[in-house]
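Please look over this model before reading on. The points below are meant for someone who has not seen it before.

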Amino acid sequence: MNRLDDDRLSMNETSPADATADAAIGAALARRDALGRLGRYAAAGLILPPGLAALPALAANSEDDTYDQDSVLKAATDFFGETTEGLAKVIEKAFKEQGRPNAYIQGQEAGAAITVGLRYGDGTLMMKRGGSAQVYWAGPSVGFDLGANASKVFTLVYKLPKASAIYRRFPGVDGSLYYIGGAGINYQRADGITLAPIRLGVGLRAGASVGYIHYRREKSVNPF
């Protein structure tokens with residue numbers, strides 16, 4: 001190999017250090033260009049940071065997937081066949097304390113108690129975003145509980161992820177019973193899901209907020 005060939009080889013060869021430096025410079029330039037484009041898009045309102053971009057969608061879904069207070073009052077009034085000041089007040093109380101429900105149950109139940117009571121019922125679960133399911137429930141209650149009743153029940157359901165999530169035990173929230181003007185409401189809660197049964201008329205049992213209710217796919221005489 002002559003001297004001319006040696007000179008050409010030395011001109012074409014690149015040391016490892018030089019190659020690393022060139023790669024670093026190239027990566028830095030690429031990052032600079034990407035950041036520049038990101039800034040231009042953000043300034044034009046084409047993109048938002050991930051957290052902010054999600055907020056409008058979440059708000060829209062929340063409205064679409066839940067019932068407003070007027071719709072619930074109308075549905076409850078149609079179901080019970082009458083409206084009372086007490087019904088409007090317990091629904092208002094539920095919205096104030098729990099927000100907007102994403103489902104409700106229309107059903108009927110019967111029960112009786114002398115200190116220790118039993119309650120049985122059945123109804124249809126309706127979800128705002130679509131879908132329904134048949135539901136049966138039963139459960140015991142213990143405490144200041146005296147009387148018997150057979151009544152319709154309109155239950156508000158909060159944060160139910162899917163219809164099948166209703167099939168489980170829901171303990172009553174002690175002290176949550178609220179009764180006014182012939183209407184009563186109490187809360188049952190499990191794993192972030194809250195149920196708020198509303199009842200009208202005579203025979204409302206004061207102990208309904210104590211104990212638990214087991215919601216099932218099929219009817220059962222076993223209250224536990």
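The notes start with the whole chain and then turn to single residues.

1. Basis. This is a predicted model; local features need pLDDT of at least 70, side-chain atom pairs count only at pLDDT 80 or more, and totals for chains, interfaces and linings use all residues. Residues are numbered from 1 along each chain as its sequence is written, and side-chain values use heavy atoms, with hydrogens and water left out.

2. Overall build. The protein chain has five helices and eight strands. Helices (H or I, at least four residues) and strands (E, at least two) are DSSP runs, numbered from the N terminus. Read from the N terminus, the order is α-α-α-α-α-β-β-β-β-β-β-β-β.

3. Burial and surface. Of the 224 residues in the protein chain, 34% are buried. Buried means under 20% relative accessible area, exposed over 50%, and partly exposed in between (1.4 Å probe, protein chains only). The protein chain exposes about 12900 Å², and carbon and sulfur atoms supply 58% of that. Accessible areas come from the Shrake-Rupley method with a 1.4 Å probe; for residues, only the protein chains shown count as cover.

4. Contacts along the chain. Take the contacts between residues at least 6 apart in sequence: 68% of them join residues at least 24 apart. Contact means heavy atoms within 4.5 Å.

5. Aromatic pairs. The structure holds six aromatic pairs. Rings of Phe, Tyr and Trp (its six-membered ring) pair if their centres lie within 6.5 Å; planes under 30 degrees apart count as stacked, over 60 as edge-to-face and the rest as tilted. One of the pairs is Tyr67 with Tyr104, tilted, at 5.1 Å centre to centre and 50° between the planes. Tyr67 lies in the loop between helix H3 (50-64) and helix H4 (69-80), and Tyr104 in strand E1 (residues 103-127), so this pair ties together parts 37 residues apart in sequence. Both Tyr67 and Tyr104 are buried.

6. A second pair. Phe79 and Phe154 are also tilted, with 6.1 Å centre to centre and 45° between the planes. Phe79 belongs to helix H4 and Phe154 to strand E2 (residues 132-158), so the pair ties together parts 75 residues apart in sequence. Phe79 is buried, at 14% relative accessible area. Phe154 is buried too, at 0%. Tyr67, Phe79, Phe80, Tyr104 and Phe154 form one aromatic cluster.

7. Charges over rings. The charged end of Lys93 sits over the ring of Tyr178, 4.5 Å from its centre. That of Arg168 sits over the ring of Phe170, 5.7 Å from the centre. The test is NZ of Lys or CZ of Arg within 6 Å of the ring centre and within 35 degrees of the ring normal.

8. Glu109. Which side chains does the side chain of Glu109 contact? Its polar contacts include Trp137 (3.0 Å) and Arg199 (2.5 Å). A polar contact is a pair of N or O atoms within 3.5 Å; within protein, one must be able to donate a hydrogen and the other to accept it, and residues adjacent in sequence count only if both atoms are side-chain atoms. Glu109 lies in strand E1 and is buried, at 4% relative accessible area.

9. Thr155. This residue lies in strand E2 and is buried, at 3% relative accessible area. Not counting residues up to four places away in sequence, Thr155 touches Ala103, Tyr104, Ile105, Leu195, Ala196, Pro197 and Ile198. Thr155 and Ala76 are 79 residues apart in sequence, yet 9.2 Å apart in space, C-alpha to C-alpha.
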